[in-house]
Amino acid sequence: MDKYIINGGEKLCGSVEIQSAKNTVLPLLAASILTDEPVKIRGVPMINDVESMLHILTEVGCKIQRKKDCALIDSAGAVSHEIPTRLTKELRSSVFMLGPLLSRFHRAKISYPGGCDIGLRPIDLHLSGLKRLGVEIVEKDGYIHCETKKLVGAEILLDFPSVGATENIMLAAVKAEGITVIRNAAKEPEIVDLQRFLNAMGAKVCGAGGGTIAIEGVKRLRGVDFVPIGDRIEAGTYLIAVASCGGEIETRGVPPENIAALLHKLRENGCKIYTKNDKIILTSDGRLRSVDIVETMPFPGFPTDLQAQYTALCATAKGSTLIVENLFETRYRYAAELKRMGADITVRGRTACVRGVEKLHGACVTAGDLRGGAALVLAALKAEGQSSVVELSYIDRGYGEFEEKLKKLGAKIRRVRI
Ligand code: UD1
């Protein structure tokens, strides 16, 4: 087990190269079994969630080669439609295997997926979408057994624009017979990237990024060599770190429109932001004013995956901020840890009231989920004195070379064995 030791109070300055988006790479890896030709994905981050997905592909019978940040998946020998419980428990995105497994084998068996404990996280929308495509589903002994004679295109109206359900249905529909239309689809940039990937394989998908996605089923898909989009949540995390601590940062690899909601708030907080193509330059004097209210929403609203990090920033802004979490029920566990550092936060259900304090102080805190863990690191970078952050396995799920990138910005952070 490792922990971070962080000496806070430093201004941060420099540039950060942003990794490919975790939330794109995971469905793309699952999609690689839609063809038996090799699939190459570039810029694949060295993070635990990706390693877990690669384990799942290996278990199904794929051959994986990992060269630097490139992953080559050869699924010609894929034979299994089952994913063992020990692997699905590691990773919620294991659920993305349902669509591709059904497309390839007409059968799939997985147990309920795990992942960060930030709320109920049901998969009913995934399952009802698959049923509409002609899949019979039986839930028995903790497993989901899916079977279909033939996937057939259908009209699907999602009750909520779920990112995962939209992606799973797209993955099942690309080789279904006929046309599938997904209404009230999620609009996240990662959905647009999945469409780009599938079309590069020969699929016929259009409309991603809007509320309606149309998919005309094709018989075959081919291999592809693909560079995914940059990780807007990773970029957002570093931008918030520098906004909070003060200094200057340039991020490369994420178009500003993909995190416009965050940039809008940071400008209101008093940061200066310049953007050009996929570059974002932010300067901050580290003495921010609070904004009244921040509510998480599906894209293009404020992303739930930046809620915790942004709350850490609000902890020392001048004035109070009301944070409303509309996506996940229990996404404030980190708030108790921030309070140990001197933050003044009251949480009631989906709402947190953050009253900015002059200073945070160093403390020993424990990460409880991926983004909450990142928020604790950001708070420790701002705090006076020394902090330690334990349970880094959560942070390692989504941030590649986290401490190296922060060190490059001038942060005093080191990783030590406990
Ligand atoms: C994805 C992201 C995650 C992000 C989230 C919201 C990946 C790998 N993960 O997660 O980082 O926080 O989008 O932007 O891309 N819901 C249902 N039934 C379902 C599915 C979802 O009720 O079948 C609910 C969820 O409980 C939640 C909301 O819909 O309240 C949003 O979930 P969803 O968009 O599906 O998130 P994920 O795909 O799990």
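Two strands are taken to pair if DSSP finds at least two bridges between them. In this predicted model, strand E1 meets that condition with strand E23 (residues 386-390), since five bridges join these strands, which run antiparallel. Within this pairing, Asn7 has Gln386 of E23 as its bridge partner. Strand E1, comprising residues 2-7, also pairs with strand E24 (residues 412-417), again in the antiparallel sense and over six bridges. Here the bridge partner of Ile6 is Ile413 in E24.

The side chains of Lys412 and Glu10 form a salt bridge, with an N to O distance of 3.3 Å.

In total, 24 salt bridges are counted in the model. Side chains of opposite charge can pair when their charged atoms come close. A salt bridge between Asp225 and Arg42 has an N to O distance of 2.7 Å. It too connects distant parts of the chain: Asp225 lies in strand E14 (residues 224-226), whereas Arg42 lies in the loop between strand E3 (39-41) and helix H2 (48-60), 183 residues apart. Asp225 is partly exposed at 45% relative accessibility, and Arg42 is partly exposed at 31%.

A further salt bridge is formed by Lys359 and Glu384, whose closest N and O atoms are 3.4 Å apart. Both residues are in loops: Lys359 in the one between strand E21 (351-355) and strand E22 (364-366), and Glu384 in the one between helix H12 (370-382) and E23, with 25 residues of separation. For Glu384 the relative accessibility is 46%, so this residue counts as partly exposed. Beyond these pairs, a network of salt bridges links Asp2, Asp396, Glu403, Arg415 and Arg417.

Positive charge is also found in a surface patch formed by Lys11, Lys272, Arg287, Arg289 and Lys318. Of these residues, Arg289 is located in the loop between strand E17 (279-284) and strand E18 (293-295). Its relative accessibility of 48% places Arg289 in the partly exposed class.

Helix H10 (residues 307-314) presents a buried element of the structure. Eight of its eight residues are buried, so this helix is largely enclosed by the rest of the structure. The buried residues are Gln307, Ala308, Gln309, Tyr310, Thr311, Ala312, Leu313 and Cys314.

Tyr112 is situated in the loop between strand E7 (107-111) and helix H5 (124-132). With a relative accessible area of 32%, Tyr112 is partly exposed. Tyr112 and Glu234 are 122 residues apart in sequence, and their C-alpha atoms are 27 Å apart in space.

Definitions and conventions. Residues numbered from 1 in each chain as written. Predicted model: local features only at pLDDT ≥ 70, side-chain atom pairs only at ≥ 80, totals over all residues. Heavy atoms only, no water. Patch = residues over 30% accessible without salt bridge, like charges linked within 9 Å, V, L, I, M, F, W, Y side chains within 5 Å. Areas by Shrake-Rupley, 256 points an atom, 1.4 Å probe, with all protein chains shown as cover. Salt bridge = Lys/Arg side-chain N within 4 Å of Asp/Glu carboxyl O. Lys, Arg positive; Asp, Glu negative; His and termini not counted. Charge placed at Lys NZ, Arg CZ, Asp CG, Glu CD. Helix = DSSP H or I, 4+ residues; strand = E, 2+ residues; numbered from the N terminus. Buried < 20%, exposed > 50% of the residue type's maximum accessible area, 1.4 Å probe, protein only.
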